[in-house]
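This briefing goes through one protein structure by topic. Look at the sequence and the model first, then read the points below.

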Amino acid sequence: MIKDFINKNAGIKFTIVLGSGFHIQKNSNTILNSWEMLLKKMDPNFVSQGNYLLDFEQMILSEKSSLQSSDVEKLKLSQVAKCLKKVQENLDLEKLNQYPIEIFNPDIISDIVILNFDEVAEKICKEVLKCKISSIQYVEIDEKLKSEAKIHQTTRFKEVIFPNKGIIRFWHPHGSIAKSSEMILSARSYAMHIVNIERLRKHSKSKLKNNNKLNTWYDQLIHQPVLILGASISNSEWDLWSAFINRERNFSKKDNKEFRRPIYQMRSSENLISNENDKKTNEQWFEPLFEEKYCFNEQWSMLSKIISK
């Protein structure tokens, strides 16, 4: 599995896709790891219909207000960010040290694509690992458009610079609490985001054709080995599926298969993915990180030992 791949491919770095399960180990049942709890924080009467994008859209539309829906959305996103910031601020050094901090190893990891709005991972690197964090940068996809354009909101990242000068780039393709208005939580904002995935694909193809450096989170999912940690990729997450499908198409020809790098997913027999179709889809597309007989706590520990070497 992953240990064998690392031993046989020295020097190759991974991209991590980091989900809310990152928080479950020591902070179970909080708004950091549960979309349902987060939305219930906004509305105690909230009942999930199984798709948080549509759930949040319904929350916007059910608001009795004279404001435009877009303004209601901004207000609610601000409230979401405020709730997450409060919980994040309450994580002291003792709690931060309980996370699997060994996964932040720039010798093994080049990029982390974070599906969460919180910035706990960045806080761990800064306060526990004593890293320096750059200001927000972005990859310019269209020189005619400014940084505020939707396409460049999608390509924003921070460089986390470790004491040994190693660097990991942190991406929040769905936005973060750093700027609540850019967080993608409604069906409409997600649809607008999806449009940009095809633009990222064309940008990637152009760079590859001209032998230029591939430099977006999309590129890292396509061309590097991937670790999906603390996340089940639901059938509604079409930005990620678009990347994974494009990746598989790139390497589908017989002559190209040997260049394909693996996608490992942390999953366990204790995993209770509510949607059976999501579970089957994940099993079909991703390799298990470890044998699924191990619980998640065991797998985080096993991974930490491998990556920290």
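In this predicted model, the side chain of H23 makes a polar contact of 2.8 Å with the side chain of Y99.

- H23 counts as buried because its relative accessibility is 0%, and the cut-off for buried is under 20%.

**Helix α3**
- Helix α3 covers residues 52-61 and is mostly covered, with seven of its 10 residues buried.
- Those buried residues are Y52, L53, D55, F56, E57, M59 and I60.
- Among the elements that cover the buried residues of α3 are α2, α4 (69-89) and α8 (187-209).
- The N-terminal end of α3 is capped by N51, which has a side-chain oxygen 3.0 Å from the backbone nitrogen of L53.
- An α-helix has 3.6 residues a turn, so residues three or four places apart point the same way.

**Helix α6**
- Helix α6 runs over residues 120-127, and six of its eight residues are buried, so the rest of the structure largely encloses this helix.
- The buried residues of α6 are V120, A121, E122, K123, I124 and C125.

**Cavities**
- Rolling a probe the size of a water molecule over the atoms shows where empty space is left.
- The model has two cavities of 30 Å³ or more.
- The largest cavity holds about 90 Å³ of space.
- Its lining consists of S20, I31, L32, N33, S34, W35, L38, L84, N116, F117 and D118.
- Sorted by class, the lining of the largest cavity has six nonpolar residues, four polar residues and one charged residue.

**The second largest pocket**
- The second largest pocket contains about 600 Å³ of space.
- It is lined by 34 residues, of which Q153, S181, E182, M183 and I184 are the closest to its centre.
- At least two lining residues come from each of α3, α4, α7 (150-154), β5 (156-161), β6 (167-171) and α8.
- Which element gives the most to the lining of the second largest pocket? Helix α4 does, with five residues.
- By class, the lining of the second largest pocket has 11 nonpolar, 12 polar and 11 charged residues.

Note on methods:
Residues are numbered from 1 along each chain as its sequence is written. This is a predicted model: local features need pLDDT of at least 70, side-chain atom pairs count only at pLDDT 80 or more; totals for chains, interfaces and linings use all residues. Side-chain values use heavy atoms; hydrogens and water are left out. Buried means under 20% relative accessible area, exposed over 50%, partly exposed in between (1.4 Å probe, protein chains only). A polar contact is a pair of N or O atoms within 3.5 Å; within protein, one must be able to donate a hydrogen and the other to accept it, and residues adjacent in sequence count only if both atoms are side-chain atoms. Helices (H or I, at least four residues) and strands (E, at least two) are DSSP runs, numbered from the N terminus. Contact means heavy atoms within 4.5 Å. On a 1 Å grid over the protein atoms alone, a cavity is a set of points where a 1.4 Å probe fits but cannot get out, and a pocket is an open set with protein on both sides within 12 Å along at least five of seven lines; lining residues have an atom within 4 Å of a point. Grid points are joined across faces, edges and corners, and a volume is the space filled by probe spheres set on the points. Ala, Val, Leu, Ile, Met, Phe, Trp, Tyr, Cys and Pro count as nonpolar, Asp, Glu, Lys and Arg as charged, and the others, Gly among them, as polar.
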